[in-house]
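User: I'd like to learn how to read a structural model, one feature at a time. Could you take me through this one?

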Amino acid sequence: MGEEPQNAPLRTVYREHLEAFANDLLDMCDTVRHVMSNASAALLNQSLENAEEALSSADALTEMAQRCEERSMQLLALENPVASDLRQVLSSIYIVEDFQRMGVLAAHIATTARLRHPSPVVPDTMEPCVAELARLAEDLGSKTHALLEDPDTGVALGLRDDDDDVDVMENYILHALTQQEWPHSVREAVDLALICRYYERYSDHCVNVAARTVFLITGLKPDAYLEQQRARDGFEMEEKIAAIEERFRPRRGEQPGA
């Protein structure tokens, strides 16, 4: 049965609020990526201007998060949402928290660059590795934005593989820091270890957003969804094998291969 006619205007308002909330998330994602882009530029180029731009943009995230929180309360108060709408609201609330944390982590990178200016934070020998780490993190941010625009379980699950690349690069850098032949200062080692941690946690939050997206689409956590898909694939394979057996099974009175 369809919705009662008198509920149609309220339902329209509800959908408009949901769409506005989705746009707010895209704006937050854009802002977070802008913060990280400037933070990485400040780190790798010893740019005080980029550091200040990153920190200024990060301040805007607090106001954006507050607006999202207010919008979520309005959505939950408007009417009793259907299951898919409720998943969207709850997923969005958690995604806002992820974006807030991502902004804080990117701001930590910018703050470190500003604190050490005009000296570089990253030693010359480690700069290519850190540049690659920054590239991987920014690529994850870009894919997260695309996922918000067009939710897709395959793309969401693929972000976990991308995050593995970040973990490998982080471990490679941390391994270099702990070698006895480390040619730089203890301060530089500590700064670099923290920078790696910030990028790694930033990327983890992108994976969190991807997991929220899987839940939004399926109502399941990623591991549960994958298990369900494997079970379904196994069942479909058994059906196909049974169909082939039925097709090629000799009929009564027929000789096999006749």
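User: Let's start with charges: which residue does the side chain of D191 meet in a salt bridge?

Analyst: Side chains of opposite charge can pair when their charged atoms come close. A salt bridge here is a side-chain nitrogen of Lys or Arg within 4 Å of a carboxyl oxygen of Asp or Glu. The partner of D191 is R187, at 3.7 Å from N to O. Both sit in helix 6 (residues 186-218), and because they are four residues apart, about one helical turn separates them. Before going on, please note that this is a predicted model, in which local features need pLDDT of at least 70 and side-chain atom pairs count only at pLDDT 80 or more, while totals for chains, interfaces and linings use all residues. Residues are numbered from 1 along each chain as its sequence is written, and side-chain values use heavy atoms, with hydrogens and water left out.

User: Are D191 and R187 buried or exposed, or something in between?

Analyst: The scale is relative accessible area: buried is under 20%, exposed is over 50%, and partly exposed is in between (1.4 Å probe, protein chains only). D191 is buried because its relative accessibility is 7%, whereas R187, at 37%, counts as partly exposed. Elsewhere, salt bridges with shared partners join D24, R67 and R71 into one network.

User: How far apart are the closest N and O atoms of R67 and D24?

Analyst: They are 3.6 Å apart, and the two residues form a salt bridge. R67 belongs to helix 2 and D24 to helix 1 (residues 8-45), so this pair ties together parts 43 residues apart in sequence. R67 is partly exposed at 32% relative accessible area, while D24 is buried at 6%.

User: What distance separates N and O in the salt bridge of K143 and D162?

Analyst: That one spans 2.9 Å. K143 is in helix 4 and D162 in helix 5 (residues 153-177), so parts 19 residues apart in sequence are tied together. K143 is partly exposed at 30%, and D162 is buried at 18%. Over the whole structure, a search finds 13 salt bridges.

User: How many helices and strands does the chain have?

Analyst: Helices (H or I, at least four residues) and strands (E, at least two) are DSSP runs, numbered from the N terminus. The protein chain has seven helices and zero strands, so you can read its elements as α-α-α-α-α-α-α from the N terminus on. Of its 258 residues, 39% are buried.

User: Where is P123 found, and which residues does it touch?

Analyst: P123 is in the loop between helix 3 (83-116) and helix 4 (127-149), and it is buried, with a relative accessible area of 4%. A contact means heavy atoms within 4.5 Å. Beyond its neighbours within four places in sequence, P123 is in contact with W182, H184, E188 and L192. For the chain's contacts between residues at least 6 apart in sequence, 82% join residues at least 24 apart.

User: Which residues form the nonpolar patch on the surface?

Analyst: Patches collect residues with over 30% relative accessible area and no salt bridge: nonpolar side chains (Val, Leu, Ile, Met, Phe, Trp, Tyr) are joined within 5 Å, like charges within 9 Å. Here M73, L76, L86, L90 and Y94 form the patch, with about 430 Å² of accessible area together; areas come from the Shrake-Rupley method with a 1.4 Å probe, and for residues only the protein chains shown count as cover. Helix 2 (48-78) and helix 3 each supply at least two residues, and helix 3 gives the largest share, three. One member, L90, lies in helix 3 and is partly exposed at 35%.
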